[in-house]
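Here are my notes on the contact between two chains. Please read them alongside the model.

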Amino acid sequence: MYATGKYSSRGPALIPRMKTKHRIYYITLFSVVLLGLIATGMFQFWPHSIESAADWSLDKRSVHDAPLVRLPVSSPIPERGDLGCRMHTCFDVYRCGYNPKNRIKVYIYPLQKFVDELGVPISSTGLSREYNDLLSAISDSDFYTDDVTRACLFIPSIDVLNQNSLRIRETAQALAMLPRWDKGMNHLLFNMLPGGPPDYNTALDVPRDRALLAGGGFSTWTYRQGYDVSIPVYSPLSADVELPERQPGPRRYFILSSQTAIHREYRAELERLKEENGEALLLLDKCSNLSQGAAAARKRCYKGQVYDYPQILQESSFCVVLRGARLGQAALSDVLQAGCVPVILADSYILPFSEVLDWKRASVVIPEEKLSEMYTILKSIPHRQVEEMQRQARWFWEAYFSSMKAIGVTTLQIINDRIYPYAARTYEQWNNPPVVKWSSVNSPLFLPLIPPRAPGFTAVVLTYDRVESLFRVITEISKVPSLAKLLVVWNNQNKSPPEGEKKFKCPECTAIDGLSLDQTHMVERSECINKFASVFGTMPLKVVEHRADPVLYKDDFPEKLKSFPNIGSL
Amino acid sequence: MQAKKRYLILLSAGACLVLLSYLGGVQLPAASRSRHDRSRNGYRPDQPWPHFSDPLHLFLPWDETDTEEYNLHISPRQKRDVNTSVYKGKRCRMDSCFDFSLCHKNGFKVYVYPQQKGEKISESYQNILSTIEGSRFYTSDPGQACLFVLSLDTLDRDQLSPQYVHNLKTKVQNLPLWNDGRNHLIFNLYSGTWPDYTEDLGFDIGQAMLAKASISTENFRRNFDVSIPLFSKEHPRTGGERGYLKYNSIPPFRKYMLVFKGKRYLTGIGSDTRNALHHVHNAEDVVLLTTCKHGKDWQKHKDARCDKDNAEYDKYDYKEMLHNSTFCLVPRGRRLGSFRFLEALQAACVPVMLSNGWELPFSEIIDWNTAAVIGDERLLLQIPTTVRSIHQDKILSLRQQTQFLWEAYFSSVEKIVLTTLEIIQDRVLEHGSRSSLMWNSHPGGLFALPQYSGYLGDFPFYYATLGIKPYPKFTAVIHAVSPLVSQSQPILKLLVAVAKSQYCAQIIVLWNCDKPLPAKHRWPATSVPVIVIEGENKVMSSRFLPYETIVTDAVLSLDEDTVLSTTEVDFAFTVWQSFPERIVGYPARSHFWDSNKERWGYTSKWTNDYSMVLTGAAIYHRYYHHLYTNYLPTSLKSMVDQLANCEDILMNFLVSAVTKLPPIKVTQKKQYKETMMGQVKSSRASRWADPDHFAQRQTCMNKFASWFGAMPLVHSQMRLDPVLFKDQVSILRKKYRDIERL
């Protein structure tokens, strides 16, 4: 800005000195160069814009248009993930660098279709709806960059959300073919359903070098604390069903079990609990008369009675989330959405986003072995705690589970917080629902400190022009032994403050003394209060009925033995 | 024509410049431009991720269930057993290497092996063992124990150290209860030795848990081991010094921004970062000093920088820098942790960690981002910029948090050991464990017992954080010790007066009198329920038992001879609602340091300040009943019971130890003072008249102070009065006018 300003100011002085024919000559030359430049610019941009405009304006791009990449059989396979990986050993922090916004830059690889030498795709489903949603959400977020050279984190467009649909070896080869793969450094993979029969590993089986894994079913043995991110298993019902938020409070049922894939031993255990505690428990299973599919997923049955799922979840205080073959269960998401307190029975399971979320305030974790004691354990929880958990559960769903966008952005935020820990979001920011954020008071001076007397205090006196009363205040306050400094704020532009000790008379002083009794003054102040309250969104002032006095205030006690004998004597 | 040429050159140069910047710049701004354009008019030149229009598969097809195969597979119980046998050694977790059943029988009890003759134990380890033996977790019966602690000193496993215990391997294997280390906890401060300082302890720990300093994230078995801070042998066993922050200064900047003073090792590991510190040192507000002087033969290895660095090093005083710096650099040394970490914490100098891979102390429960700056050794050169970018509000908060954490978990060996045990207890009693908020906010996890309640709103500490208020009623607990003989006895008057309070929910009469319970009709009829509980042992401490019948947050504790009016009760309760974590009461007492006798003194004189209010007439949170009963050691409680005295002093000690604040005295009618001071009639007054009574209270004070490790009581000069109290306005305008009337 500065440089341009200077240049243009010199311009007019130069031109008049030139002869007219020269001027014309130069202007022509300049125009030619300028036109040339514009033409080059058009040429550079034109083809892109045509293509993009045609494609994007109507959102007609198809996944089938993705370029095909053939994987040679001998194509290299990444190493299996290193369990010792941590941010300081396997992550290149230099790529993220220092930036004033403390925000990482995330690059997404363009979609490609990987096939083996025979032309068979590496995945039976290709890009899933959820992974597509996740990537578009990230590309719309502030983390996104389309400049691969400036990226700190790379996200492949190879969909590995569900391991079942993958060909492990070929997927791994495809990862290794990514242009910036570099041993998986700074690459992030999203996987919600890891492992496969019969053992169901708790982390994605695809070899992935040093890539970070955002996984949906980690156990304490596969989770690399501070490196991987534990994410929820997204429930497709989230997008389909709307459950209005319910006020926390007691529900029709105490415990509800609604999962269909429960091991028979556990189901037997639940049946036993049901026998002991009767109506308080509702034990649902899939409906035998319905065929599989989307419709069946939204019904549950008990002894021939049909219930709507997930709506029925709202009718219970606690909802059981038992491990299946995998530790992560989509049911957790449904349960939270319903504002039902999840009772999680999945030994060694790393709860979603456990790095930042305080699950103790939103769930009950019970060892699988203690399933039979579940009822007793839950009964011992105070009602008010159950209500707080219900509210907390719903908030977790809304903020971190409700969409692929929420899941993706939360994952990136967690990684961001590790790279810029001094700018990390706080516990309160992660865990307090908006209603608590509004009503809670967190004093900036939270440490219970009783300051020593030695430093004393600074008196700040605001004055307009009532000099006499100002001097009176100054005289009185300067007698106080603890006074360290006295600051007078002269709040009058029309008069300059009196100098030194000079006293001058103020005729209107006595008149203004009655200021606070003035009617309009009170009205103005009431208006202020209303305005402030509306801006704060709440009335932060609190009414108390007490006043602090010295211990012996107005007691029948020799005045000279009192520390503060003069108080109240005015 | 000179001018013409000049213009020509100027112009072409300009054109070239434009062209160059155009070609160079076209790549970089593309990103921002494209995003900008897109949001403005939907035009997407280089679309980041296309919004595909074709129907895509769900990642989890509706019909894909995992039941079938799962059900055919082994039963979940078998699967758990498989885990237990597979995950051992480095992969130990509570699920696989810990026997929970030992804890479920008798609760969380800790057994310490008896000390063997001829085994030397370092002072630090002795402190650890005595802390456990003095704690409420201790059991002398291994059959009751859930956790076992060795009497063999494992703190220093540096072979070159004089404290090193030899043949530990055989000694441990020969322990009859060792059981491959299952449910054992091993404390360690130093492991490995020059030059590589590995984390090996030099003996097979089997399935034992480690409570270890300087543990690395690679070796740390999460939710199994506990990372503890490195502490010196001078670290006090109990109590411990307070943090150095006496008051908050705003703006929070100190003389220096960032300081460090320490050794630079010329041989062996640990100095990669320290070697580079001089690049960042500016001798003004960033003062990072190293010395090469260590060991006898440092000069043999000295490098080109040594002389210059050593000279600069000697110019500054470590303590002076520590107390006058906003941030303190804590780089790794030989090992990942250093004493410097605790020193900085205590000095309210926000630690800037440069120790990649160090699992910070008590990382399982402490959110270190609230009290420290976790730097990355690789980004050393960015550190000054980083700390300068931290907003002053954040510095203020970081600094206060250092003080909170220091005093809550680190200031004594006792706190470090108890925190370790509480962390393990939280894992064992998983559904009744502390939330992160309880660990990371005042008064900290050691004072917030999850056995009391899992709900934060049931504690006196979190109302403001949760944005809620305590329950607006109280339960009165009257401690009755004399038989009911006449209808004019003070207890009956008291009962009626209290019952009339609009905030009274119920009255509990705790019958601690040897005479049998009076018949029901002898109690006056009141509008609130009166519950009479017969004290089982009729001891003093029973007045502070956490009775389940107390359903309100507030307890009004009363002696049977207390004289109170309904107005006084109402007023005190409204005051308590503003200070739910403190004791709010009427008659006050004070403590002082008697320098002649070198002990604490107790005074009931009518003075200008006080540090206790008597629990014969006081309102406090019911949580303190739980804390009194479960937190305090049996030794103190039985002392109170034997003397039938001092229970109120102990309660004041406890509450002030938790809050670090004085109690609150509210104004009272004159007559009550006279009853208390004049010691007229009534059996209780005789207790106060006893000359021994006063001496006992003196003794109690000193006994309590020694158990707490410091004097927790705090003085106050403030009394809370009703707003118009004794003001020159019509008495009719005053809400609590009865308090002024005689």
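How many residues does the contact take from chain A and from chain B?

1. The contact takes 143 residues from chain A and 136 residues from chain B. Contact here means heavy atoms within 4.5 Å. The model is predicted: local features need pLDDT of at least 70, side-chain atom pairs count only at pLDDT 80 or more, and totals for chains, interfaces and linings use all residues. Residues are numbered from 1 along each chain as its sequence is written, chains are lettered from A in the order in which they are written, and side-chain values use heavy atoms, with hydrogens and water left out.

2. About 12600 Å² is buried between chain A and chain B. That is accessible area (1.4 Å probe) lost on putting the two parts together, summed over both. Carbon and sulfur atoms give 57% of it. A:Trp221, A:Glu545 and A:Val551 supply 7% of what chain A buries against chain B, more than any other three residues.

3. The rule finds 6 salt bridges across the interface of chain A and chain B. The criterion is a side-chain nitrogen of Lys or Arg within 4 Å of a carboxyl oxygen of Asp or Glu. A:Arg547 and B:Asp727 meet in a salt bridge at 3.2 Å, N to O.

4. Strand E17 (residues 546–550) of chain A runs antiparallel to strand E24 (residues 718–722) of chain B, joined by 5 bridges. Strands are DSSP runs (E, at least two residues), numbered from the N terminus. Pairing needs at least two DSSP bridges. A:His546 has B:Pro722 as its bridge partner in E24(B).

Notes. Helix = DSSP H or I, 4+ residues; strand = E, 2+ residues; numbered from the N terminus.
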